[in-house]
Amino acid sequence: MNKTPKNAPGEAPRADDAPGEAPRAWENPRVYFFDTTLRDGEQAAGVNLNAGEKLQIARQLAKMRVDVIEAGFPAASPGDFSCVQTIAREVRNATICGLARTLEGDIRAAAQALASAENGRIHVFLATSPLHMEYKLKMTPQEVMDQTRRGVLLARSFLPEVEFSAEDASRSDPDFLIKVFKIAVEAGATILNIPDTVGYALPEEFQKLCRRVIEGVAAPPGVIFSVHAHNDLGLATANSLAAVRAGVRQVEGTINGMGERGGNSAIEEVVMTLRTRADYFGLETNLDTRRLYPVSRLISRLSGVVVPPNKPVVGANAFAHEAGIHQHGVLAKRETYEIMRAEDVGSTPAVMVLGKHSGRHAFRDRLEHLGYNLDDEQITQAFESFKKLCDEKKEATDGDIEAIISDEIFSVQPEFHYEFKSYSMTVDKGSTDCRVTLTLNGAELSDSAVGNGPVEAAYAAIKKIVKVHPRLENFKILATSERSNAMGEAQVILSQDGIKAHGNGASTDIIKASVRAYVNAVNRLYATAAVRKIAVTTMGGSNGQSPPESPAPEA
Ligand code: KIV
Ligand code: ZN
């Protein structure tokens with residue numbers, strides 16, 4: 001909520017505000033979008049975005065005009081802190097938010113990370129349900145109220161925009177919830193969030209709760225209510241919309257509904273429902289919906305979380321008509337079977353092909369169209385890879401270009417960076433012997449192993465080099481386009497010591513693509529272990545080199 005006009009929602013009430021001057025919560029026609037893909041979305045199992053990837057996503061979210069970007073939880077780890085700090089410094093045209101428990105250390109960390117934001121928000125949360133208070137927090141209701149006051153007051157001493165979330169609100173006693181929210185408002189909270197933390201609520205019931213809370217708190221003009229729904233029962237979108245009907249004016253969610261367990265409310269679904277059924281809701285948003293599809297693709301590629309083809313709004317089949325009767329209807333009049341237009345969500349099928357004669361300018365334009373915003377150095381690196389690819393296969397499709405970017409530009413984990421160098425292979429009587437060479441901090445590491453096939457042998461050799469022995473949870477090879485000269489893109493998910501990590505690798509040689517994907521996943525495994533302060537179990541390698549330091553577990 002940038003450069004807000006007088007008494008804009010979420011802005012702290014001012015001393016000269018005459019009571020009743022601004023519209024009450026439900027009279028405001030504007031719905032604000034709070035994107036938590038980088039915080040709650042990143043908590044999804046197996047998702048481990050690095051700093052460059054997060055910055056890239058934040059830039060694209062701002063370009064799509066989400067109102068608020070929750071960039072992370074600064075107190076969670078030094079890595080999270082520096083991501084929030086970088087995004088706060090670099091990304092303009094959106095409020096940048098950092099999550100904090102009501103603890104002093106968390107709030108100070110969030111305030112510090114957000115110091116250079118154009119517009120920053122501290123998001124403090126504390127659970128209010130009997131279950132959470134008794135078993136998780138081990139706090140009495142009175143202690144929760146006191147702690148809410150302390151936390152919000154401290155956050156407000158740093159920033160004028162403070163959001164308070166009553167975690168597990170949907171399973172809380174509504175009267176207690178109202179009491180806690182009143183305290184939060186008195187202490188200076190400007191946004192009050194009603195989360196359905198475990199995706200338990202039903203739309204009708206949730207709408208009643210939201211209405212009761214909004215009326216009961218009777219917050220001053222300028223304070224807005226927010227909803228944060230999880231999708232455990234597939235009701236997150238319905239619950240968010242029900243809350244909007246009750247007067248809530250901020251919707252929290254993620255792109256592609258990415259998030260822990262069943263995920264979060266999918267922003268693309270909520271915004272397109274508000275837009276498609278404007279006749280019913282009569283509300284406005286500022287989101288540029290034509291950016292939804294490119295942003296969805298970008299997030300899917302960088303996170304490794306595949307978008308199902310039938311996913312509403314952004315799935316590959318969201319606008320595909322297979323049945324003859326439907327095709328006939330759409331050709332006669334589009335509205336017979338289409339309630340939204342593909343172009344309104346940026347999902348246009350036109351595939352543009354660049355070739356060896358395409359210049360840097362055309363390449364940069366295409367990257368921007370695909371939703372990437374790279375600096376000059378990254379463009380130079382990507383352009384070189386693109387030219388090399390054109391030498392091998394004459395032309396590059398959008399899929400090829402996206403694969404180059406995610407494989408070569410964003411896969412880099414500066415501290416834990418094994419790099420693929422080469423492989424060689426001999427096949428004898430059905431068994432394959434593969435030698436793989438990687439580099440680590442400039443030093444070459446090489447080993448070989450035997451397997452039933454080339455990928456198995458290559459992976460066994462890599463395991464010897466990198467000294468971890470993760471479980472291969474998933475392995476896929478996809479074509480980057482439908483053309484016969486498409487590159488192969490390998491996608492790998494590894495797990496070890498409770499950590500899941502994905503990796504991508506692309507090449508015209510699918511063994512090379514497979515090796516790159518595995519090495520990329522190993523790098524992410526080590527990086528995630530460092531962030532979570534988990535020591536990954538290493539095994540003795542045959543080359544006498546040390547693997548990247550894996551930190552000791554927290555005391
Ligand atoms: O699900 C939840 O309750 C949360 C809060 C931190 C808002 O993510
Ligand atoms: Zn959540």
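**Close-up views of a predicted protein model**

**View 1. Helices α2 and α3 cross at roughly 35°.** The axes of helix α2 (residues 78–90) and helix α3 (residues 104–113) come within 8 Å. Helices (H or I, at least four residues) and strands (E, at least two) are DSSP runs, numbered from the N terminus. Axes are lines fitted to C-alpha atoms, for helices over the stretch in contact, and angles run from 0 to 180 degrees between N-to-C directions. On the side of α2, the contact (heavy atoms within 4.5 Å) is made by F81, V84, Q85 and A88, and α3 contributes A109, Q112 and A113. Five of these residues are nonpolar, two are polar and none is charged. Ala, Val, Leu, Ile, Met, Phe, Trp, Tyr, Cys and Pro count as nonpolar, Asp, Glu, Lys and Arg as charged, and the others, Gly among them, as polar.

The structure is a predicted model, in which local features need pLDDT of at least 70, side-chain atom pairs count only at pLDDT 80 or more, and totals for chains, interfaces and linings use all residues. Residues are numbered from 1 along each chain as its sequence is written, chains are lettered from A and ligands numbered from 1 in the order in which they are written, and side-chain values use heavy atoms, with hydrogens and water left out.

View 2. Oxygen atoms of ligand 1 lie 2.7 Å from an N or O atom in the side chain of T197, 3.0 Å from a polar side-chain atom of H230 and 3.2 Å from an N or O atom in the side chain of D40. On its own, ligand 1 has 260 Å² of accessible area, and the protein covers 95% of this area. Accessible areas come from the Shrake-Rupley method with a 1.4 Å probe; for residues, only the protein chains shown count as cover.

**View 3. V198 lies in the loop between β6 and α7 (203–217).** V198 counts as partly exposed because its relative accessibility is 26%; buried means under 20% relative accessible area, exposed over 50%, and partly exposed in between (1.4 Å probe, protein chains only). Apart from residues up to four places away in sequence, V198 touches D168, R171, H230, D232 and R261. R261 is found in the loop between β8 (250–253) and α9 (267–276), and R261 has a positive phi of about 50° although it is not a glycine.

**View 4. Helix α8 (residues 236–246) is mostly covered.** Nine of the eleven residues of α8 are buried, among them L241, A242, A243 and V244. The cover over the buried residues includes β6, α7, β7 (224–229), β8, α9 and α10 (278–281). After α8 comes G247, whose phi is positive, near 120°.

**View 5. V313 lies in the loop between α11 (292–303) and α12 (324–332).** V313 counts as buried because its relative accessibility is 5%. Phi of V313 is near 70°, a positive value in a residue other than glycine.

Key: Polar contact = N/O pair within 3.5 Å; in protein donor to acceptor, adjacent residues only side chain to side chain.
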